[in-house]
Each structure stands twice: as C-alpha cells, then as structure tokens.
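Dear colleague,

I am passing on the structure below, and my notes on it follow. Please read them with the model open beside you.

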Amino acid sequence: MQREQQAIESNRISNWMMFLLAAACGLIVANLYYAQTLVGPIHVAMGLSSTTAGFIVTLTQVGYVVGLLFIVPLSDIIENRRLMVVSLVITVGALLAAAFAPNAPLFLTASLFIGIGSVVAQILVPYATYLASEEQRGRVVGNVMSGLLLGIMFARPIASFITSIWGWQAVFILSAIVVTLLTVLLSRALPERKPSPTVSYSKLIFSLGTLLKQTPILRRRALYQACLFGAFSLFWTVVPLRLADDFGMSQQGIALFALVGVGGAVAAPIAGRLADKGWSRLLTGLAMLIAALSFLLIYLFQNHSTVALILLFVSAITLDMAVSGNLVLGQRVIYSLGSEARGRLNGLFMSIFFVGGAIGSSLGGWSYAQGGWNLSSLIGVALPLLALLYFFTEKATNGDARKKTSTE
C-alpha cells in the first residue's frame, strides 16, 4: 500500500511501463476476438451445426462477463500482480485446450475459460491509474486503452491471415506462447499493489449491487457505452456479410477491411488528453453524434458502387473513433470516483457495456436476416441516438462525479 501511495504521489509513470501495460492489454483482450473470423473452419472441424456455431463466440463473451463480475472485483482485496499471473496461467491452459480439443464440448468449455482469464486486461487498466495522479489519469487511461483497442481491432485480421497459412489451431497455439511470455514479463516488471481489504469476498460481490444503485454516474456512463458498443458490434457482425454479398469480397479482402478500423484507435489517447482539460461532456455528445452519422451515411448510400464502398471504409474509421474515444472518457470518470472500489466499478462498467455489445451482435444477425443492410443500418443509427437522448438529461458535469456518489 505504501509503495502504491508513493507511486501516486511521485506523479510519475515511465513511458516503458505505459507501453508494457498497453501492449499487455491488447495481447490479452485479442483472445476474445480471434474466433469471430474463425467460426467457419472451427464449426466444421468440431462438427457443430450452423445454429450452434454461434456458441464459439458467445461462450467466450459469457466467460468475460463472468470474469468481470467475479474476478475483477478481487483486485480490490488481493495483491494485483499475483491475481493477474494466476488468471493468465488459466488463459494459457484454456488456449492450449482449445487448440488441441478433440471434440466440441471440450472446445466450448475452453472458450468459456479463455473469456474468464482474459479479464486481466480489465485489472491492468485500473492498475495503471494507481500509478498516475488525477491530472495525468486521462492521458494514462487513453494510452493504455489505445493498446487494448488495437488488440481488439487487429485480432480479427491477424486470426484470418494465420489461419490461411497454418490453420485455425495455430492461432490459439501462438497466442498461448505469447501470453506465456507476457506472464513472465509482467510478473517481473510490475510493482506489487497490495490493497487494504476491508470486506470479505462475499460482501465484496454483494456490494456490486449497492455500488450500481448508489453511483448514478456509473449507470449513466455504462449505458452510454453500451449503446455505442452495441452499434460497434452490430457493424462488425454485419459488414462482413455486406462486403461478401454486395461487393464479392473474399475472406482475405474482409480481413484487410478489418484493418481499417485500427485507425479509430487514435481517438483514445486524444480523448484522454482532452478529458484532462475538462472537455469530457462536450466530447461525449460528439462521440454519440459521430456514431449516429457514421451509420446514417452508409444507410443513405446502399448501392454497390465504389462510392458506397469508400463510405463503408470511412464509417468504419469514424465509428471506431467514436466508440474508443467515449470508452476512455467513461473510464476516466469511473476511475475518478475513488481507489477503494475501483476494481468493482470497472467490472460493473465493462460488464454492462459488453452486454450491450452482445445485444448489438444479436440484433445485427437478426436484422440482416430479416431486412438486410437497410434494417441493420437503421438500428445502427438508433442505438447511438438513444444514448444521445439520454445524454441530454445529464445535468452534472463529469467533474461533479465524486459529488454524485456515496460509494466512498
């Protein structure tokens, strides 16, 4: 605890440490997204039907939400470095089990545990804020989150390229090797952080409901991001179908398109720096507006022309910028609520908006089957507009976040 306090008071986090935390977040969270472009070959190899193939991705997301609710809160009472190492060991075991699974039940079980172990990314982000002061917290969160977002955006195309060369099993094997090396590095490089536990684990979990009830800014920020992440998930669920159906793109071409979204990650560090200057409220509304306009643009141009394809590229970048920027703004507010409950607050925030993402993916598959790109893009417009309408009811600025909670 003393070391943590000294780090905060010294107001310094080295560029090397910031880079390590950002890279670690990206490499770990990528495990949630590799399977999204591999559903085809995996469900054939495992003998899954087209209907049950969706569980390949769904169970990983379910595991992640379970980890957010039941593992991330442990960072408030258990030494953080040890918790991260144990969770990463579980991740490595699950990745290897998935690669060598002889049947579907074992593979799906491994997928669940990949999601559970990957919540280390959401232990690392609040951990980084313990090394930063209030004045630099937005910049630190922005830089670390940019690494996480790059991991999300690179995961899909990298998995596709590796699969085209060595097969889908190689994706999980290579990730297991990378995570093993990362575990060793983090165990040696990260300083200890020993929180002062004031409650038991059972009380800690029960306190999640109290925190959610007594922290209106948490509910508000989580719902903002749930709507935006829902639109983001809908887009990336449906756009590969549109690219294949309307533009005749191959899997390789779709993988290259997925790389376009990487450009949106630049918004994360920029949003963090501007939030430090007190621009959070303005940028939040702007992010919602940009997300809605991104979908409106591709709704209005639905033909098969080159212009329509270019607009898809543009919308992919602007939508990713809106989502990544708003995520950093939300996390900066959450981490300003106080250090004692930061792990639980982050777990609640992330689990709520990941539920929004799951809903967005489901809506994408359903809407494309029922009404094609027309219906899907309309829903994509509606989700950020709902967030914007809710945003207009906000009366307090982000700087008043501490006054709006009694959790401390």
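Helices here are DSSP runs of H or I with at least four residues, numbered from the N terminus. Arg242 lies in one of them, helix α11 (residues 216–247). This is a predicted model, in which local features need pLDDT of at least 70 and side-chain atom pairs count only at pLDDT 80 or more, while totals for chains, interfaces and linings use all residues. Residues are numbered from 1 along each chain as its sequence is written, and side-chain values use heavy atoms, with hydrogens and water left out.

Arg242 has a relative accessible area of 1%, and it is therefore buried (under 20% relative accessible area, with a 1.4 Å probe and protein chains only). Leaving aside neighbours within four places in sequence, Arg242 is in contact (heavy atoms within 4.5 Å) with residues including Phe301, His304, Tyr368 and Trp373. The C-alpha atoms of Arg242 and His304 are separated by 9.8 Å, although the two residues are 62 apart along the chain.

As for the nonpolar core (buried Ala, Val, Leu, Ile, Met, Phe, Trp, Tyr and Cys residues joined through side-chain atoms within 4.5 Å), the largest one has 131 residues, and Leu124 and Phe235 are among those with the most contacts inside it. Helix α11 gives the largest share of this core, 16 residues. Both domain 1 (8–196) and domain 2 (199–396), with bounds from an automatic or database domain assignment, contribute residues, so the core lies between them. Leu124, not counting residues up to four places away in sequence, touches Leu21, Ala24, Cys25, Ile28, Met84 and Leu190.

Best regards

How values were computed
Helix = DSSP H or I, 4+ residues; strand = E, 2+ residues; numbered from the N terminus. Buried < 20%, exposed > 50% of the residue type's maximum accessible area, 1.4 Å probe, protein only.
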